[in-house]
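Please keep the sequence and the structure in view while reading.

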Amino acid sequence: MDATSAGALLLCRAEYDVIRPSVPLLREPFLLAPAGRGWSVLVPDGKPWPSGAEPVDRVLSGWATALAVATNHPVLALWWDADRSGLTLATGFRRPVGYVWLADGTPAGEDEAMHTFAARLGLDPVLDLQALEALTRPDADADARARLLGLTAVLSRAGLALPEGVAPGAEPDGIRTAARAAAVREEAAAGKGRGHTAHALRHRPPGPGIPAIAQIAAGFPLTVWGLARRSAGWTVAGAVLLAHGALALARDRGPAR
């Protein structure tokens with residue numbers, strides 16, 4: 001992977017319709033599509049980590065945590081850049097669990113993280129965990145991208161089915177093109193009374209599906225957590241939740257007519 005190939009995916013352990021109302025909280029354009037039984041995938045439709053900005057893994061940690069808290073469903077961030085690849089799993093207010101591989105596939109995380117990862121996603125504690133543990137062992141034939149593909153292969157046993165061409169470790173431009181193609185197919189299916197729509201979700205105010213109090217309750221601890229860790233990604237995610245919650249609350253308590 002070269003220096004310009006940083007990219008990421010968000011895999012949500014929930015159906016499209018559950019995730020969609022919360023996506024505008026992230027304040028970035030995304031392509032959202034179903035990704036198998038009980039899964040959705042979010043593809044950034046832009047370049048939110050330009051050269052010199054915050055590292056992609058920190059940006060994704062903030063996004064995953066904000067979305068997991070807002071939806072009360074696990075959100076898995078897969079990310080990669082020129083030097084590393086990795087995962088971050090966010091589940092509600094619990095501390096996220098992560099794992100990292102170097103560009104050549106060398107494991108650089110704690111083995112116990114995979115046990116926590118499997119438990120929080122409800123994976124098979126024997127077969128799936130054995131496959132995950134294999135990803136933490138040295139393998140001269142597996143680079144960073146192969147590790148991510150191996151991870152998604154394990155998740156496929158739990159129903160994950162990424163749209164064709166949307167694969168971790170691939171060039172971000174190619175992933176966005178494939179995600180848009182998947183969106184067109186899903187929109188066509190929805191027009192015939194099948195499936196869900198999938199399209200680019202630009203920043204716009206969240207709909208009434210996210211109660212104002214819930215946004216404020218989610219935003220406060222995220223902001224505190226981000227400030228404590230000096231993470232701009234998490235701090236911004238929390239601040240966004242707080243701001244939207246406060247605005248929604250103000251609208252709800254507007255003068256009676």
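The protein chain has an accessible surface of about 12200 Å², and 55% of that surface belongs to carbon and sulfur atoms. Accessible areas come from the Shrake-Rupley method with a 1.4 Å probe, and for residues only the protein chains shown count as cover. The model is predicted: local features need pLDDT of at least 70, side-chain atom pairs count only at pLDDT 80 or more, and totals for chains, interfaces and linings use all residues. Residues are numbered from 1 along each chain as its sequence is written, and side-chain values use heavy atoms, with hydrogens and water left out.

**The chain as a whole**

- Eight helices and seven strands occur in the protein chain; helices (H or I, at least four residues) and strands (E, at least two) are DSSP runs, numbered from the N terminus.
- The protein chain has 257 residues, of which 50% count as buried (buried means under 20% relative accessible area, exposed over 50%, partly exposed in between, with a 1.4 Å probe and protein chains only).
- Of the contacts between residues at least 6 apart in sequence, 60% join residues at least 24 apart; a contact means heavy atoms within 4.5 Å.

**Helix H4 and its buried face**

- Helix H4 covers residues 127-134, and its residues Asp128, Leu129 and Leu132 are buried.
- Seen down the axis of H4, these buried residues fall within an arc of 95°, so they line one face of the helix; the arc is that of the directions from the helix axis to the C-beta atoms.
- Helix H3 (111-121) and helix H5 (144-156) are among the elements that cover the buried residues of H4.

**The packing of H4 and H5**

- The axes of H4 and H5 are 10 Å apart, and the two helices pack at an angle of about 180° (axes are lines fitted to C-alpha atoms, for helices over the stretch in contact, and angles run from 0 to 180 degrees between N-to-C directions).
- This angle makes H4 roughly antiparallel to H5, a term for angles over 145 degrees.
- H4 contributes Asp128, Ala131, Leu132 and Ala134 to the contact, while H5 contributes Arg147, Leu151 and Val154.
- Ala134 and Arg147 lie 13 residues apart in sequence, and their C-alpha atoms are 9.6 Å apart in space.

**Asn72 in a loop**

- Asn72 lies in the loop between helix H2 (56-71) and strand E4 (75-80).
- Asn72 is not a glycine, yet it has a positive phi of about 60°.
- Most residues other than glycine have a negative phi.
- Asn72 is exposed, with a relative accessible area of 64%.

Notes:
Parallel < 35°, antiparallel > 145°, perpendicular 65-115°, else oblique.
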